[in-house]
Amino acid sequence: MSTNNDNLLAQGRIAVLGYGSQGRAHALNLRDSGLDVVVGLRPNGPTWHKAKAEGFTVVEPGEAVKGADLVAVLTPDMVQPTLYTESIEPNIKPGAALLFAHGFNVHFGQITPRKDIDVILVAPKGPGALVRTEYERGRGVPSIWAVYQDVSGQAEAKAHAYADGIGGGRALLIKTDFKEETETDLFGEQAVLCGGASELVKAGFETLVEAGYQPEIAYYEVMHELKLIVDLFYEGGLTKMLQFISETAQYGDYVSGPRVIDAGVKARMKDVLTDIQNGTFAKNWTEEYKAGLPNYKKLKQADLDHPIEKVGAALRARMPWLQTGNAQPAAAPL
Ligand code: NAD
Ligand code: MG
Ligand code: MG
Ligand code: MG
Ligand code: MG
């Protein structure tokens with residue numbers, strides 16, 4: 001593996017808190033870049049043994065933070081405020097850097113970082129598994145970076161050094177800030193990727209089934225085949241999709257797409273964005289989480305009980321290649 005002793009972080013120690021999708025990939029890549037990594041986890045938590053088996057020194061989060069020059073917070077977002085208060089704030093060295101991969105807690109005031117530390121963000125634009133495999137191929141995943149607080153005068157250099165260590169610097173680094181990263185991430189997942197796409201699919205399925213078409217046929221048309229389109233978007237945008245679909249599909253796209261996704265949709269997207277920007281969404285979500293997720297559980301169950309899931313499960317059971325696919329629940333949280 002290539003060592004990178006010119007890296008600004010080569011003289012110090014990096015604590016990676018969390019060993020899930022991002023944490024594992026970052027820890028392995030940083031180590032292969034010649035950097036000194038210790039992993040911080042709850043003793044005997046789900047990933048404790050995995051990190052140990054992969055050769056890391058694994059200690060409790062507070063122990064990992066002590067003596068670290070950079071602390072990467074790569075646990076689920078909702079546990080970070082408590083983790084910060086209990087394990088990071090009392091232990092992080094003055095002048096050390098606190099690094100996030102998502103700005104939610106800092107931007108929305110759930111974590112108020114100590115004034116004597118650097119606070120930075122590095123977020124690869126891909127799931128952890130890809131961050132690892134691209135690094136192993138000698139490449140990297142484009143990453144965005146930001147500085148929230150710079151006490152050392154080196155916060156930007158530290159973000160770049162970390163991005164280099166995980167391989168992002170080999171691809172592309174894009175400067176952002178905590179506000180932009182947080183608000184665009186939430187908007188994307190709510191309006192388009194998760195919320196938008198799943199409602200579009202359910203509405204299409206219901207429309208066909210209510211018109212008397214078979215649910216199996218509807219499932220293939222509005223959910224299963226979405227992957228073909230998304231793969232074309234991913235690889236080559238609208239241009240590639242338009243190259244691969246029929247003229248009939250293109251004409252239908254041009255004349256019917258805007259009837260479904262009309263100006264009213266965009267106006268409501270702006271409302272969703274406003275709620276994100278003014279903190280309404282963050283406040284509601286934080287309160288919901290603290291209350292034990294009553295609405296979240298109800299709404300989730302409704303999706304799991306939707307008729308498309310019943311027919312989908314039966315059809316997917318007859319498509320064995322899907323069971324060995326790339327999608328892993330922990331590998332792609334948005
Ligand atoms: P994950 O759910 O895959 O991993 C969580 C890890 O944290 C596990 O090792 C778990 O054991 C550990 N953990 C949980 N609670 C803990 C606690 N109280 N103390 C210590 N460790 C604890 O998380 P992830 O998807 O890698 O997300 C980590 C961060 O990266 C988040 O801020 C997320 O928004 C951000 N992010 C994720 C992706 C992605 O593709 N998954 C992409 C960009 C940014
Ligand atoms: Mg078709
Ligand atoms: Mg269109
Ligand atoms: Mg997100
Ligand atoms: Mg995201």
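Biologist: Which residues does Thr47 touch, not counting those up to four places away in sequence?
Modeller: Keep in mind that this is a predicted model. Thr47 sits in the loop between strand S2 (36–40) and helix H2 (48–53). Leaving out residues up to four places away in sequence, the ones Thr47 touches are Tyr19, Gly20 and Leu41.

Biologist: Is Thr47 buried, exposed or partly exposed?
Modeller: Let's go by the neighbour count: Thr47 has 18 C-beta neighbours inside 10 Å. A residue needs 20 or more to be buried and 12 or fewer to be exposed. Thr47 therefore counts as partly exposed.

Biologist: And Ser21, is that one buried or exposed?
Modeller: UniProt, in an unreviewed entry, includes Ser21 under "binding site". Ser21 belongs to helix H1 (residues 21–32). Because 22 other C-beta atoms lie within 10 Å, Ser21 is buried.

Biologist: Which residue does UniProt list for "active site"?
Modeller: Look in the loop between strand S5 (97–100) and helix H5 (104–107). The residue there that UniProt lists for "active site", again in an unreviewed entry, is His102.

Biologist: How many other C-beta atoms lie within 10 Å of His102?
Modeller: The cut-off for being buried is 20 or more. His102 is buried, so its count has to reach that cut-off, and the number is 22.

Biologist: Which residues does His102 touch, not counting those up to four places away in sequence?
Modeller: A contact here takes C-beta atoms within 7 Å. With residues up to four places away in sequence left out, His102 touches Asp77, Ala123, Thr182 and Asp185.

Terms used. Residues are numbered from 1 along each chain as its sequence is written. Chains are lettered from A and ligands numbered from 1 in the order in which they are written. This is a predicted model: local features need pLDDT of at least 70, side-chain atom pairs count only at pLDDT 80 or more; totals for chains, interfaces and linings use all residues. UniProt positions are given in the numbering used here, feature names are shortened, and annotations may be inferred rather than shown by experiment. Helices (H or I, at least four residues) and strands (E, at least two) are DSSP runs, numbered from the N terminus. Two residues are in contact if their C-beta atoms, placed from the backbone, lie within 7 Å.
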